[in-house]
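Welcome! Please have a look at the model below, and then let us walk through some of its features together.

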Amino acid sequence: MTTPTAPAAASPARLRPMMAWGTPIYTADFPDGPAYNEQLRAMILKAEATDPEAALFGGINAVKSSQDLLRWDHPAISWIRDRIGDAVTALTRAELGDAADEVTHGINAEAWAVVYRSGGSLRPHTHHDSVWSGVYYVAAGDTSGGTGAGYLQILDPRPAAVAVQATSGPERIRPVPGRMVAFPGWLPHSVQATADSDAQRICIAWNVAYDKTWGAMS
């Protein structure tokens, strides 16, 4: 005769908190930025006046230069290239941790300038063909009055969460001369309308994509 055995006690359920699909956003204020900004401003406004490809684009009272800014021959542009490299390195390490050291392929970068004038804004959009995107502020425009004029708005990328209002809303980042902000290119973002004033909001926007040549990884 066999003696029935008691069923094994079920192991207690464990809650494992996860930060699924966390999104890194890079923000850095460079103390040496203002030393370059007046030179950058002069170059950008000159290019806007002479560049046949400068045009309004998906925004209101905002003019975008052609996308060859990183090929301009000037120390301030070399400095911008290096700061973009800093942002890409930081974001890659945030995603991959120590494995970032094993990434052996190069990057392709492009950048352009945008000049926002009175009431200028930019509709929500993504940079779907880039891995990382960012913006560097040369001039902030008029941010007085506490209205959020000219702020960068980074939007919740989850349409369903937005539809049912299960979101904390956009992250709003103030434009500050010398500040760089960077994030994944697929992240929706927009620019809140600038103040009605003569002050210009001038920025350098950029995209980075990885090249198609992959080296061996250990």
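## Strand E5 and its partners

Two strands pair if DSSP finds at least two bridges between them. Strands (E, at least two residues) and helices (H or I, at least four) are DSSP runs, numbered from the N terminus. With that in hand, look at strand E5 (residues 132-140): eight bridges join E5 to strand E10 (residues 201-210), and the two run antiparallel. Within E10, Cys203 is the bridge partner of Tyr137.

E5 is also joined to strand E8 (residues 179-184), by five bridges and again antiparallel. Here Tyr136 stands opposite Met180. Strand E5 is mostly covered, with nine of its nine residues buried; buried means under 20% relative accessible area, exposed over 50%, and partly exposed in between (1.4 Å probe, protein chains only).

## How to read the model

This is a predicted model, where local features need pLDDT of at least 70 and side-chain atom pairs count only at pLDDT 80 or more, while totals for chains, interfaces and linings use all residues. Residues are numbered from 1 along each chain as its sequence is written, and side-chain values use heavy atoms, leaving out hydrogens and water.

## Aromatic rings

The structure holds three aromatic pairs. Rings of Phe, Tyr and Trp (its six-membered ring) pair if their centres lie within 6.5 Å; planes under 30 degrees apart count as stacked, over 60 as edge-to-face and the rest as tilted. The ring centres of Phe30 and Trp79 are 5.8 Å apart with planes at 80 degrees, so this pair is edge-to-face. Because Phe30 lies in the loop between strand E1 (26-29) and helix H1 (33-50), and Trp79 in helix H2 (residues 75-96), the pair ties together parts that are 49 residues apart in sequence. Phe30 is buried at 14% relative accessible area, and Trp79 is buried at 5%.

Trp79 also forms a stacked pair with Tyr36, at 4.8 Å centre to centre and 25 degrees between the planes. That pair links helix H1 to helix H2, 43 residues apart. Tyr36 counts as partly exposed, at 23% relative accessibility. Phe30, Tyr36, Trp79 and Tyr136 form one aromatic cluster.

## Charges over rings

Which ring has Lys64 over its face? Lys64 lies over Trp112, at 4.9 Å from the ring centre. Likewise, Arg201 lies over the face of Tyr116, at 4.8 Å from the ring centre. A charge sits over a ring if NZ of Lys or CZ of Arg is within 6 Å of the ring centre and within 35 degrees of the ring normal.
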